[in-house]
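The sequence and model come first.

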Amino acid sequence: MDFWKYIVRIKIPSPVSYMSAILLLIFTTGVYKQLTLTQKTANNCEMTFMFEYPHFVEISVPMNRGKYNLYAYTEGQTMEKIKSMKFYGTPVVFIPGHSGSYRQVRSIASVNIRKMYHIQSNIKFDFFTVDLNEEYSAVFGGVLLQQTAFVSQCIDTIIKTYEYDYKPTSIILIGHSMGGIIAKGLFIDPSFDTELVELIITLATPHRPLFLADHYMDSYYDQVENIWGNGLDKPRSSFLSNISLLSIGGGHRDLMVWPCLTYTPHADINALSLAIPGVWTSTDHQCILWCKSLVKSIVRVLFDSAESESDDTIYEWRKKVSSYHFDKRSNGKWFHSNLHPITVKLNEPNVIEWNETYKLQRSISLEKGTAMPIVIHLPLFEKSFNYEMTAEAVNIEYHDWVFSCKPDYHSKKHCLFGTNWSSNSTISVSKHMKRRHITLNMTDVNKLGHSNLVFKIKNTKKPTALNIDLYEASDRTNQILWRFWYGVFDRHLLWKVNVFETIQYKTILRGWSASICMHCVYNVHMVPIKCSKKHHHAVSKFIVPWTQGVLHGITSDSYVEPLRISLENIPQSNTTKNPYLQFILDPTCNYRIELDLSIMDSIGTIGLKYGLTFPSYIGIIILLVLSNQFSQLANSTKDDCSIYHNSLPSIIRVFKTLAVTICFLTAIQSQWPNVNKPIGGIDWLGHPLKTMVFSSLLYCITNSFMYFASVALWMMMLFWGKAINELLVRFIMKTLRKNATLSDWILYGFGKLPIAVSMIAILISYHTCGTVGLVISAFFYYFLLCTMVQDCIDQLIYYPVIFFKDYFMKGEKPGLNLSLTSIHLHFSLFLLWLLICGCHLPCSIEWARNYHHSKYLDPDPSWISSLILNTCAGILWQMDIPKRNLKFYAQLSNLCVAASIILFLFCQTALFRIAPILTLVFLIITLHQCFSSWIGVQDLIDNQVSSANDKVPQKKVE
């Protein structure tokens, strides 16, 4: 007799299963690479440092709930004033985010204080920071309204703290991570004074949810969107029109809040740290708070926004200041209204004048600087409509350096005054010396009636250079119709530059926004072929017309940093303009410019962002397995409820179901787009082709993962059953402080009366958190499975002894009455239980975090699920399931299929919907098994007997 068939009776995996396993391995490798990205790559951010010891002075807030606090930040000379509650500046409130500390304000506040002392400014800021108990607000939305109400109280308290003569009229909010959402959520309350807030700066804030773990978070984001708008059919509310909102993201190094989440259409500025002038580096989720170059840019925005000599409104002035520092910084560290005067006097005494009449490309290199200012005149003649001019200024520190003019009537050569175009230039990333770039369309110059371009170089002792390139735009521009497979097998050639002295080339990416792979990562390489000088420098730029900031790549001497581009950095837009690549080359070199697809980075990015849908696909697979098992019970009287691995649906059936379901999903999304809101990086639902491709991919990967995970669980039940039993005995010993013998008897008693465990779990759920009760019952459920498997193994082990005894001593051949149907069904239900626990896991995390403040979680989304499941478990554990030959097994099978379709349609982005649906399925299965005597027995046996009798020939009746 083949005893082993009772334990493992698994079919040989199909070729599709092997392909799924390979996909799982590739995805795991890619995700691992992404997770270790911050460890393997250098962090180019310099950390801020402190000159004096920081102090946090607690401020009492009326109606405080006890777990939250408010502090004022101080250091050095301001300490005594702050301790005596004397404030004179504009209040700045820092709101920490998910698991964030109030002490994270130190970098911004300290640099601000140092800057105030350094420039001897009359502008002063008082920094306050809110202690939100480091709650996990990104995974548990039940705390968001509580935090919002407390921050609102803090603002009222801060305003009242100021003396009457210094009472502020406005306040500035800086929110990190979920703190930025709290800052926007303050305006949900109609009683909140909206005129108090004039500026909100969000740092690495997910303006759309990373994932929806509960309906509280879903509701909170809905309320925020209703007043702030979504940039499409919902505009920003009128009472928020004068509030400046600046959103700053960390870029690809931030694995918690991705670039696509930090973009919000109702922000005045959307910028990534790697695209901010002077920063040019990606930051992780915590680094964005202490990155020195970024913190300095934020502090400059605060100071420049507070002092204006312009006639603009406060809102318009703040927008100009923010755009200068976060997007188009033309030169200096500080911005003022007269930074670049419109008209500038050009004719100065003691100036060297160079007049280049015919040469369209010109490079001036001054290794030792120049003792006298230099002016270069470039006549345009008829080069107006189709021409562009690109110039690169190296170490030219003067603000104004490029102009257009019309020669004076008397001199007919030189210009007395010129129009200043320097504000159109931007500083650029550089490994050596400071660089500025500008590209002008000659049509704009021609509209002014100007016929000359003028460049000025101030006298300096530093090495300086000026590169000028006047060209016909069509000669330096190419367009490619974007295909996501570019660079998969070999680098895709964009340009091959074999001409010296040309510096600007452009590639327009048509159809980029319609790419099927939104999170594919590409690298742009500028490879120098031949250089006439040892030192060279080239920059590649990725420019998106409807966003702020420019992504850069560098090739400088032996240093090469490819330009990393991805569609995840680009928000969707209705504009007809296309993003493009711009290359500013060294005039002394020839280049080969190529593009390739970074396969592992793309796979890792897709795995991280689309992995949020894995719970829904796990639920789909388990429900389909249960459907097959119930179908087997409906169609056979034998012990035919097969093991999990044999009950997996065929791939053909799955793809047929997917194809039909995707049609329904497309119709639902077009009619009700808010049913499945885009979360994380998942915004392809409703697009038939993308949904089919990625859903099939995710299903195969999840199926392979579940296959190996279930095998691991079976191996643990087979070989570690006794170890798990000992582990539970030790747990009872430590919990109840009893000896091993008594603990073993208690565990044995629970095994014989499992309903007691479910009752204890319900009590624990009521007094603590529902997920805690679910987890306790999950451990006991696995213990029961191990016990059932161990009993079967014991029967198999002792069967030869019983066989020898009965056959040779009694002359009887004993039978082996061994059935695994109950184990197989319980195993599938146990997997269902584990998934429900996983969906409610954020609740238990938040409960454990706040346990020292409160022993129970309020609100608790997992309580209802825990009550229903533990009640059902108390019934099922006492019964011998599945009941044979019951009616409605076929209908139960169809119910599981319908539930899997519902998971696919409505739960891929709303994870909080998974647990109620699976709980309902568990309840229906329990009711079906519990009330079997009322339902009745299926007439399958009678039908089989009658069909067998029909086959027996009847005697002819005369």
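## Surface and overall make-up

The protein chain exposes about 43800 Å², and carbon and sulfur atoms supply 58% of that area. Areas come from the Shrake-Rupley method with a 1.4 Å probe; for residues, only the protein chains shown count as cover. The model is predicted: local features need pLDDT of at least 70, side-chain atom pairs count only at pLDDT 80 or more, and totals for chains, interfaces and linings use all residues. Residues are numbered from 1 along each chain as its sequence is written, and side-chain values use heavy atoms, without hydrogens and water.

Of the 958 residues, 55% count as buried (under 20% relative accessible area; exposed is over 50%, partly exposed in between; 1.4 Å probe, protein chains only). The chain holds 27 helices and 29 strands. These are DSSP runs numbered from the N terminus: helices (H or I) of at least four residues, strands (E) of at least two. Among contacts (heavy atoms within 4.5 Å) with a separation of 6 or more, 79% link residues 24 or more positions apart.

## Nonpolar cores

A nonpolar core is a set of buried Ala, Val, Leu, Ile, Met, Phe, Trp, Tyr and Cys residues joined through side-chain atoms within 4.5 Å. The largest has 188 residues; Phe 187 and Phe 583 touch the most other members. Helix H20 (residues 770-810) gives the most to this core, with 13 residues. A second, separate core of 45 residues includes Val 92, Ile 108, Ile 123 and Ile 288.

Beyond its neighbours within four places in sequence, Phe 187 contacts residues including Phe 192, Ile 227, Trp 228 and Phe 239.

## An eight-stranded sheet

Eight strands form an open, mixed sheet in the order E1-E2-E4-E3-E5-E6-E7-E8. Its edge strands, E1 (55-59) and E8 (269-272), each pair on one side only. Pairing requires at least two DSSP bridges between two strands.

Strands E3 (residues 90-95) and E5 (residues 171-176) run parallel, joined by four bridges. Val 92 has Ile 172 in E5 as its bridge partner.

## Helix H13

H13 (residues 599-610) has twelve residues, so at 1.5 Å a residue it should span 16 Å. The expected span is 1.5 Å times one less than the number of residues. Its end C-alpha atoms are 16 Å apart, which agrees.

Ten of the twelve residues are buried, so H13 is largely enclosed by the rest of the structure. Among the buried ones are Asp 601, Lys 609 and Tyr 610. Their cover includes helices H1 (15-35), H14 (614-635) and H16 (688-719), and strands E23 (521-531), E27 (563-566) and E29 (589-597).
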